[in-house]
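Open the model in your viewer and keep the selection tool ready. This tour goes stop by stop, saying what to select and what is there.

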Amino acid sequence: MKILVCISKSPDTTSKIAFTEGNTKFDENGVQYIVNPYDEWYALVRGLELKEALGGTVTTITVGTAADDATIRKALAIGADNAVRVDAEATDAYQVANEIATYAKDKGFDLVLTGKETINYNGSQVGGMIAEELDLPFVSLATKLDVEGTTAKMDKEIVGGVETVEAQLPIVVSCAKGMAEQRIPNMRGIMAARTKPLEVVAPVGGEAMTSFVSFDLPPAKSAVKLIDPENMDELVELLHNEAKVL
């Protein structure tokens, strides 16, 4: 089985977020990047589990520059067999999906896996766009994925329950929490990642369909108000007139 896992980078959740150039550009100074958790913990790890159970290979693909290579190497350390980097700055979901689909179109992948979204943009668009470009079935927000022969069986949460769907391979799946458990790369994996192949391919140069106008930080949290536990009238008044939750 040939599995392609889409990998992107995200700022570490402990990074201090700031913007430059009149709030039109993300300030990368001092930011530590990690593999997007939905891509890593669920898409990549489930891909590796399927490979271990059924045989085959797991290839990761990233749209990015040489600055992303360290992030890609972590995915290799976790267990991917090889990696591809499309040598272009990622600008929007359509551009990323177009680059990935163009690469994958004639490679014969049985499964294309993505995380359900990135934690920095929360767009949840790339998987569906890749499926459209490749003219393949697409299942979003899957929490379980099994493969028997040429049939993929998936669970996804819906209002009030769980929906089970089946589709014939090849297929594109976006993976949500519950798909797999996080794997920590060991020293052997880290050392092996240094010599695993990382192929850099030229971009097709598709244009982005969206652009960022500006960024805004969320409002700062207000100070905490301490109310005497004996003064319930004041608490009720604040909840009613100021917080407006009563």
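Is the crossing of H1 and H2 right-handed or left-handed? It is right-handed. A crossing is called right-handed if the near helix is turned clockwise from the far one, and left-handed if it is turned anticlockwise by less than a right angle.

Before going further, some ground rules. This is a predicted model, in which local features need pLDDT of at least 70 and side-chain atom pairs count only at pLDDT 80 or more, while totals for chains, interfaces and linings use all residues. Residues are numbered from 1 along each chain as its sequence is written, and side-chain values use heavy atoms, with hydrogens and water left out.

**The whole protein**

Zoom out. The protein has 6 helices and 13 strands. Helices (H or I, at least four residues) and strands (E, at least two) are DSSP runs, numbered from the N terminus. The C-alpha atoms fill a box of roughly 70 × 45 × 40 Å along the principal axes. Of the 246 residues, 39% are buried. Buried means under 20% relative accessible area, exposed means over 50%, and partly exposed is in between (1.4 Å probe, protein chains only). Take contacts between residues at least 6 apart in sequence: 69% of them join residues at least 24 apart. Contact means heavy atoms within 4.5 Å.

**Stop 1: H1 and H2**

Select residues 37-54 for helix H1. Axes are lines fitted to C-alpha atoms, for helices over the stretch in contact, and angles run from 0 to 180 degrees between N-to-C directions. Angles under 35 degrees count as roughly parallel, over 145 as roughly antiparallel, 65 to 115 as roughly perpendicular and the rest as oblique.

Now show side chains. Glu40, Leu44 and Leu48 of H1 meet Lys74, Ala75 and Ile78 of H2. By class, this contact has 4 nonpolar, no polar and 2 charged residues. Here Ala, Val, Leu, Ile, Met, Phe, Trp, Tyr, Cys and Pro count as nonpolar, Asp, Glu, Lys and Arg as charged, and the others, Gly among them, as polar.

Stay on Lys74. It is partly exposed, with a relative accessible area of 32%. Beyond its neighbours within four places in sequence, Lys74 is in contact with Val35, Glu40 and Pro185.

**Stop 2: H3 and H4**

Select residues 93-104 for helix H3 and 126-134 for helix H4. Their axes come within 8 Å and cross at roughly 45°. H3 is therefore oblique to H4. This crossing is right-handed. H3 contributes residues including Ala93, Tyr94, Val96 and Asn98, and H4 contributes residues including Val126, Met129 and Glu133. The contact divides into 11 nonpolar, 1 polar and 1 charged.

Pick Asn98 in H3. At 12% relative accessibility, Asn98 counts as buried. Leaving aside neighbours within four places in sequence, Asn98 touches Glu133, Val204 and Gly206.

From Asn98, jump to Asp228: their C-alpha atoms are separated by 59 Å. Asp228 sits in the loop between strand S13 (198-201) and helix H6 (232-242). Asp228 is partly exposed, at 46%.

**Stop 3: the rings**

Show the aromatic side chains. How many aromatic pairs are there? The count comes to 6. Rings of Phe, Tyr and Trp (its six-membered ring) pair if their centres lie within 6.5 Å; planes under 30 degrees apart count as stacked, over 60 as edge-to-face and the rest as tilted.

Select Trp41 and Tyr42. They form an edge-to-face pair, 6.2 Å centre to centre, with 85° between the planes. Trp41 is partly exposed at 29%, whereas Tyr42 is buried at 9%. Then select Phe19, Phe26, Tyr121, Phe212 and Phe215, which ring pairs link into a cluster.

**Stop 4: the backbone**

Most residues other than glycine have a negative phi, and most peptide bonds are trans. Select Leu169 and Pro170: the peptide bond between them is cis, with omega near 0°. Pro170 is in the loop between strand S11 (161-168) and strand S12 (171-175).

Next, Ser124. Its phi is positive, about 55°, although Ser124 is not a glycine. Ser124 lies in the loop between strand S8 (111-115) and H4, and is partly exposed at 43%.

Finish at Asp135. Its phi is also positive, about 55°. Asp135 lies in the loop between H4 and strand S9 (138-148). At 69% relative accessibility, Asp135 counts as exposed.
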